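Let's take a friendly walk through this model, from its side-chain pairs to its sheets. Have the viewer open as you read.

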Amino acid sequence: MKHTQTQAPALAESAQYLTFMLGGESFAIGIMAVKEIIEFAGITEVPMMPDCIRGVINLRGAVVPVMDLAARFGRPLAVPGKRTCIVIVETEVDGERQVTGVVVDAVSAVLDIAASEIEPAPSFGTRIRGDFIAGMGKLNGKFVILLNVDQVLALDVLATLPELAGAESPAA
């Protein structure tokens, strides 16, 4: 009986996250937002989209936009490899369900991270916007960046990206 009583509070204080690699760094998304993981293939490019939008895929008859997280974070486009995949994420925007695919270098695992092992997002020291980070999870002495998927995938913000990109980076 004691084991059941001590386990219940621990379960309530932890959450599951899908961890993945991107540019040599570990990131995580809350598992409740993840619908599925699919092979990186069949992306149709769409003209006049920001660099971070790789295109669209046909997911069982539905058109799903695919975002390159590396480009979204201001890095060069991800170069597909053997372990590259698309994580299908579902968010809710203004009461509407939004399904988006995100390109990642490799999916690592689904992990339980206790609330006590999550630090607040830093105000500096990372190469991505602070509002994209929900927190920093501590795992085996290392950090994993917990993403705020609602902010990262906010497509209304994407409309201003070409203007921001022109202002922030020199012409290539």
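Lys138 and Glu119 join their side chains in a salt bridge, with N and O 3.0 Å apart (the term asks for a side-chain nitrogen of Lys or Arg within 4 Å of a carboxyl oxygen of Asp or Glu). This pair links distant parts of the chain: Lys138 belongs to strand β10 (residues 133-139) and Glu119 to strand β9, 19 residues apart. Strands here are DSSP runs of E with at least two residues, numbered from the N terminus.

How accessible are the two partners? Lys138 is partly exposed, with a relative accessible area of 29%, and Glu119 is partly exposed too, at 31%. On this scale, buried means under 20% relative accessible area, exposed over 50% and partly exposed in between, using a 1.4 Å probe and protein chains only.

## About the model

This is a predicted model, in which local features need pLDDT of at least 70 and side-chain atom pairs count only at pLDDT 80 or more, while totals for chains, interfaces and linings use all residues. Residues are numbered from 1 along each chain as its sequence is written, and side-chain values use heavy atoms, leaving out hydrogens and water.

## Other salt bridges

The whole structure holds 5 salt bridges. One of them joins Glu36 and Arg60, at 2.4 Å from N to O. Glu36 sits in strand β3 and Arg60 in the loop between β4 and β5 (62-68), 24 residues apart. Arg60 counts as exposed because its relative accessibility is 66%.

Arg97 and Glu90 also meet in a salt bridge, at 2.7 Å from N to O. Arg97 is exposed at 58%, whereas Glu90 is partly exposed at 29%.

Ile86 stands opposite Val103 in β7.

## The sheet of 6 strands

Another open sheet has 6 strands, ordered β8-β1-β2-β11-β10-β9, again with mixed pairing. β8 (106-114) and β9 (118-119) are its edge strands. Strand β1 (residues 14-22) pairs with β8 in the antiparallel sense over 8 bridges, and Ser14 has Ala114 as its bridge partner in β8.

Note on methods
Two strands pair if DSSP finds at least two bridges between them. Helices (H or I, at least four residues) and strands (E, at least two) are DSSP runs, numbered from the N terminus.
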